Amino acid sequence: MTDHDTAEEHLDDIPLDALPLDGWHRARGARMVPFAGYDMPIQYEGIVAEHNWTREQAGLFDVSHMGQLLLSGPGLDAAVEAVLPIDLSTLKLGQQRYSLLLDEDGGVLDDLMVSRWPDALYLVVNGATKWDDMGTLREALPDDITLNYLNDRALLALQGPKAADALARHATGEYPLSALTFMRFGRFQIAGHDVTIARAGYTGEDGFEISLASDAAAEIADLLCAEPEVKPIGLGARDSLRLEAGLPLYGHDMSPETSPIEAGLIFGINKRRRTEGGFPGADRIIREINEGTARKWVGLTIAGRLPAREGAEVFAGEAHIGTVTSGGFSPTLQAPIAMAYVAADHAAIGTALEVEVRGKRLTATVSPTPFVPHRYYRGS
């Protein structure tokens, strides 16, 4: 997902909002940075240490800056299908699905998660785009569809191979936490507080996203971080984890200038909608599915140890054929990795390319993603 939301944004002329856990983060020594209109924790003890802890144990991320929306009203499914390229006939109660908000030209306005609640749809959208998303949705949806912004809710993500063990000690409900598999959610209680828990996340690890009342966030964060497997983790490690997992970040790897097909996000266009259309930008999307695109989003492994960052130019010989959209040094692989848009005829796995970093050409190879295998829990 859906956060897709980790790079710093400098919004010096806009007053910053405080997260529900702002004081909690500061008390634990977090380095705070402006991002998406909030002061956000980028790290506590260090990005690499936090990254490795999440890969090996469990990390608690505060993603309360993201937008939690609830849609309801008569004819809801048809109204939403006119806006999103999702097939709601196959989205059952307790399931969630990745989808996309597109403009009329098929450009990506945002990526988001959609969940089927009783008589409603619950959406999680990116923090930096949530106000624009709400405006787009309100304009596109019929007047009798109600859009509620759940601004009294916090959102915590518990991620890592030990996340289920730690959370299961505290989450109680009609069924055990282990009944949740990847991309399913349920209603639970933690310390007497009603919460909604989805088995999903943005690290490539098994994990959960917990929606809860803002005034319960500190108590539940304390409870989880008291478990030996759990530490608070900042946005810096969230970015390096999602990069290793080959997960795109909105505003970097996708934007209104990119289509979901060239971005490799065809899975966000559900099967029926790929032929039926009926959503913004459908003509372009269906054409690109059938005819291909001039460029493709690919993974790159880079020789040496110097990372290629966003904006680095990609070459095939003397020909400029692409641009890096996300890049960094992988703590897990101990090597630089990147993701880039390149000309389609240079996008095959194993293609040898070069990336220009600090005036030097570094050898790069088109590589499959994810760079580090996903470990989502799909059932025993």
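Author: Glu 205 counts as buried because its relative accessibility is 2%, where buried means under 20% relative accessible area, exposed over 50% and partly exposed in between, with a 1.4 Å probe and protein chains only. This is a predicted model, in which local features need pLDDT of at least 70 and side-chain atom pairs count only at pLDDT 80 or more, while totals for chains, interfaces and linings use all residues. Residues are numbered from 1 along each chain as its sequence is written, and side-chain values use heavy atoms, with hydrogens and water left out.

Reader: Which residue's side chain is joined to that of Glu 205 by a polar contact of 2.9 Å?

Author: Glu 205 lies in the loop between strand 13 and strand 14, strands being DSSP runs of E of at least two residues and helices runs of H or I of at least four, numbered from the N terminus. A polar contact is a pair of N or O atoms within 3.5 Å; within protein, one must be able to donate a hydrogen and the other to accept it, and residues adjacent in sequence count only if both atoms are side-chain atoms. The side chain that meets Glu 205 in this way, at 2.9 Å, is that of Arg 375.

Reader: Is Arg 199 buried or exposed?

Author: Arg 199 is found in the loop between strand 13 (193-198) and strand 14 (207-213), and its side chain reaches the backbone oxygen of Leu 180 at 2.8 Å. Because its relative accessibility is 4%, Arg 199 counts as buried.

Reader: Where do the buried residues of helix 6 lie around the helix?

Author: The buried residues of helix 6 (residues 217-225) are Ala 217, Ile 220, Ala 221 and Leu 224. Seen down the axis, they fall within an arc of 100°, the arc being that of the directions from the helix axis to the C-beta atoms. The buried residues therefore line one face of the helix.

Reader: How many residues of helix 7 are buried?

Author: The buried residues of helix 7 include Leu 235, Arg 238 and Glu 244, and they pack against several elements, among them strand 2 (31-35), helix 2 (47-56) and strand 18 (319-330). Helix 7 is mostly covered, and the number of its 10 residues that are buried is 9.

Key
Contact = heavy atoms within 4.5 Å.
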